[in-house]
Amino acid sequence: MSQVTVRINGFSYAVGCKEGQEKHLQAMAQEVERRIDRIRALGGHSGEGRLLALAALLMADEIYDLTAEKMSSDTAHQLAEGRQARIENERRREQLAHLVERAESIADALEEE
């Protein structure tokens with residue numbers, strides 16, 4: 001098990017991952033950061049937890065759209081790929097949910113100080 005420090009919205013988070021998945025985890029953090037930047041560009045400045053939750057919702061919506069596109073195909077091969085994508089996306093959602101929980105606990109701790 002490896003541990004990677006990712007930076008999201010100006011905060012550093014230590015996240016565990018499988019050996020060899022460090023670059024992938026960094027890339028996922030960059031994807032989250034891109035969504036946060038989009039939210040900010042739209043005028044969304046309402047707290048760390050809310051920003052991360054909105055970023056997660058944007059990503060979930062994108063995943064849903066991608067999954068729906070894959071499911072519209074008639075071939076067995078594409079159905080299998082759609083199932084695999086959903087499994088991967090669920091794993092990513094779980095990791096993102098962990099990051100959101102961690103960010104909210106950090107925000108709560110900062111508010112208490």
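Me: Leaving aside its neighbours within four places in sequence, which residues is N9 in contact with?
Reply: This is a predicted model, and in it N9 is found in the loop between strand 1 (2–8) and strand 2 (11–17). Once the neighbours within four places in sequence are left aside, the residues in contact with N9 are E33, I36, R40, E48 and L51.

Me: Is N9 buried or exposed?
Reply: A residue counts as buried when its relative accessible area is under 20%. The relative accessible area of N9 is 9%, and N9 is therefore classed as buried.

Me: With the side chain of which residue does the side chain of N9 make a polar contact?
Reply: E48 is among the residues in contact with N9. A polar contact requires a pair of N or O atoms within 3.5 Å, and the side chain of N9 makes such a contact, at 2.3 Å, with the side chain of E48.

Me: What is the phi of N9 in the hairpin of strand 1 and strand 2?
Reply: Most residues other than glycine have a negative phi. The hairpin of strand 1 and strand 2 has 2 residues between the strands, and the two strands pair in the antiparallel sense over 7 bridges.

Me: Which residues make up the covered face of strand 1?
Reply: In a regular strand the side chains alternate between the two faces of the sheet. In strand 1 the uncovered face holds Q3, T5 and R7, whereas the covered face consists of S2, V4, V6 and I8.

Me: Which element supplies the largest share of the largest nonpolar core?
Reply: Of the 20 residues in this core, V6, I8, Y13, L25, V32, I36 and L52 touch the most other members. Strand 1, strand 2, helix 1 (22–41), helix 2 (48–71) and helix 3 (76–112) each supply at least two residues of the core. The largest share, 6 residues, comes from helix 1.

Me: Which element gives the most to the lining of the largest pocket?
Reply: The largest pocket has a volume of about 400 Å³, and of the 24 residues that line it, the closest to its centre are M28, M59, I63, N89 and R92. Helix 1, helix 2 and helix 3 each supply at least two residues of this lining. The element that gives the most, with 9 residues, is helix 3.

Definitions and conventions. Residues are numbered from 1 along each chain as its sequence is written. This is a predicted model: local features need pLDDT of at least 70, side-chain atom pairs count only at pLDDT 80 or more; totals for chains, interfaces and linings use all residues. Side-chain values use heavy atoms; hydrogens and water are left out. Helices (H or I, at least four residues) and strands (E, at least two) are DSSP runs, numbered from the N terminus. Buried means under 20% relative accessible area, exposed over 50%, partly exposed in between (1.4 Å probe, protein chains only). Two strands pair if DSSP finds at least two bridges between them. A nonpolar core is a set of buried Ala, Val, Leu, Ile, Met, Phe, Trp, Tyr and Cys residues joined through side-chain atoms within 4.5 Å. A polar contact is a pair of N or O atoms within 3.5 Å; within protein, one must be able to donate a hydrogen and the other to accept it, and residues adjacent in sequence count only if both atoms are side-chain atoms. Contact means heavy atoms within 4.5 Å. On a 1 Å grid over the protein atoms alone, a cavity is a set of points where a 1.4 Å probe fits but cannot get out, and a pocket is an open set with protein on both sides within 12 Å along at least five of seven lines; lining residues have an atom within 4 Å of a point. Grid points are joined across faces, edges and corners, and a volume is the space filled by probe spheres set on the points.
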